[in-house]
Amino acid sequence: MGTVLIALTEAAIRRSLSTALKPHRVLQADRCDDAVRLAFSVRLDLAITDDRLDSPGRKSFLGWFREYPGYKDVPVLMLAALPETTAGANDFLLRWPVDLREVETRARMLLGESVEGAALFGPFRLDDASLSV
């Protein structure tokens, strides 16, 4: 299984995603400096972050992450309030509050897992079981 860093400002979302993404090894951070330290101490397979995780007067976590040579190809899922903050992310959601099932599905897809019964196309989730959008 892979290693996932969940670097989000909201504790409830971090905890819920951490549980949902088991059996992956999940690391959590709620501050940019902690997220950078964790990211550079292990090999990650996915990072999930939000656009609120900035250090005052410094780069965002995504900015640090993408500059590190070993992480240029590691997927990043960004939870954002503004589309202009998502540059450098492989996938993003622009809704607050977030739909945790959608975040989990997108994270699993970025990890290369097949997600039975669901496919995402932009904001739409196709459900094979009910044949609904």
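1. A nonpolar core, as meant here, is a set of buried Ala, Val, Leu, Ile, Met, Phe, Trp, Tyr and Cys residues joined through side-chain atoms within 4.5 Å. With that in hand, a few friendly notes on this predicted model.

2. The largest such core has 21 residues, and those touching the most other members are L5, A35, A39, L44, F61 and F65. Two or more residues each come from β1, β2, α2 (32-39), α3 (61-67) and β4 (76-79). Helix α2 gives the largest share, five residues.

3. L44 deserves a look of its own. Beyond its neighbours within four places in sequence, L44 contacts T3, V4, L5, L27, A39, F65, Y71 and V74.

4. Please look at the second core too: this separate set holds 15 residues, among them V4, L21, I48 and L79. As general background, nonpolar side chains in soluble globular proteins tend to be buried together.

5. Now the sheet. Five strands form an open sheet in the order β2-β1-β3-β4-β5, and the pairing is parallel. At the edges lie β2 (25-29) and β5 (91-93), each of which pairs on one side only. On average, neighbouring strands are turned by 15° against each other, direction ignored.

6. Within the sheet, four bridges link β1 (residues 3-7) to β3 (residues 46-50) in the parallel sense. Here V4 stands opposite L46 of β3. Helix α1 (residues 11-20) packs on the sheet, where α1 touches β1, β2 and β3. The direction of α1 makes about 175° with that of β2.

Methods
Residues numbered from 1 in each chain as written. Predicted model: local features only at pLDDT ≥ 70, side-chain atom pairs only at ≥ 80, totals over all residues. Heavy atoms only, no water. Pairing = 2+ DSSP bridges. Axes fitted to C-alpha atoms, helices over the stretch in contact; angles between N-to-C directions. Contact = heavy atoms within 4.5 Å. Buried < 20%, exposed > 50% of the residue type's maximum accessible area, 1.4 Å probe, protein only.
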